[in-house]
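I opened this notebook to record what I looked up in the structure.

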Amino acid sequence: MSITQNRGAEFKQLRVQMALEEFKEVVQDALKNHDFITPPPPPPKKEEEVAPPLEKVSIWGIPLLGDERTDSIFLKFLKARNFDVKDAFIMLKNTVKWRQEYGIDSLMDKNNLGECVWDKIVFTHGEDKHGHPVIYHIFDAELYQQAFSDEENRSNFIKWVILFLERIIRQLDFNPTVHDLSRFPEVIPELHLEPLQLLLNNYPEILAGQFEQS
């Protein structure tokens, strides 16, 4: 590796580290001010000097503060927004809000969401050459007709996809997963892309590779 390449690598590493440190400060301030979900507690009385508790927020079972894995989560949001701290924080905040509104944590307790049909559409099998688990998303007209036959089935299918991915993520060391959509047709109904769009918006750098359509 040349001197120029070394310097380029060092500069990139420094840029990443600076962005990460700034991002951590922004998140900590937001937790202190309860900017994510819960309203801030009432201000302490004048005689009280104890600072109000920080807002408790977690993603994929990992708290946004005080966990050795937190940096890995922050880097995913930063990378998804080209290390722009402001944009990455907006994405993180939107993801936290979406998880709260969608009831992700309570969804984890559910099991009967129609796996007998949908585990033929979305399933995991094996690993890629980097050791990442591979999720297959197979387009089958008949199965999709069942999954999207009405509003209730469509809603349950999306919940099942999210639950499926959440369970896999919580078993990982936060490596990307390869989501294989290569057997999708050239034209995919917009309705069928809703689960994928949710994943791209709220699971940054979790999905990797093979989004091409054959």
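Helices here are DSSP runs of H or I, of at least four residues, numbered from the N terminus. I note at the outset that the model is predicted.

Entry: helix H2 and its end. I looked up helix H2, which covers residues 70-80. I then checked what comes after the helix: Asn82 follows H2 and has a positive phi, near 55 degrees.

Entry: the annotated segment. I consulted UniProt, where an unreviewed entry lists residues 70-95 as "domain: CRAL/TRIO N-terminal". Over residues 70-95, I recorded 85% helix and 0% strand.

Entry: surface charge. Which residues gather in a patch of negative charge on the surface? I listed Glu22, Glu25, Asp29, Asp35, Asp84 and Asp87. Helix H1 (residues 3-32) supplies the largest share of this patch, namely three residues. I followed up on Glu25, which is located in helix H1. Its relative accessible area is 54%, so Glu25 is classed as exposed, the cut-off for that class being over 50%.

Entry: Lys159. I located Lys159 in helix H7, which comprises residues 151-169. Is Lys159 buried, exposed or partly exposed? I assigned Lys159 to the partly exposed class because its relative accessibility is 24%, and buried would require under 20%. I also noted the separation of Lys159 from Ile104: 55 residues in sequence, but 8.8 Å in space from C-alpha to C-alpha.

Key: Residues are numbered from 1 along each chain as its sequence is written. This is a predicted model: local features need pLDDT of at least 70, side-chain atom pairs count only at pLDDT 80 or more; totals for chains, interfaces and linings use all residues. Side-chain values use heavy atoms; hydrogens and water are left out. UniProt positions are given in the numbering used here, feature names are shortened, and annotations may be inferred rather than shown by experiment. Helices (H or I, at least four residues) and strands (E, at least two) are DSSP runs, numbered from the N terminus. Buried means under 20% relative accessible area, exposed over 50%, partly exposed in between (1.4 Å probe, protein chains only). Patches are made of residues with over 30% relative accessible area and no salt bridge: like charges are joined within 9 Å, nonpolar side chains (Val, Leu, Ile, Met, Phe, Trp, Tyr) within 5 Å. Accessible areas come from the Shrake-Rupley method with a 1.4 Å probe; for residues, only the protein chains shown count as cover. A salt bridge is a side-chain nitrogen of Lys or Arg within 4 Å of a carboxyl oxygen of Asp or Glu. Lys and Arg count as positive and Asp and Glu as negative; His and the chain ends are not counted. The place of a charge is taken as NZ of Lys, CZ of Arg, CG of Asp or CD of Glu.
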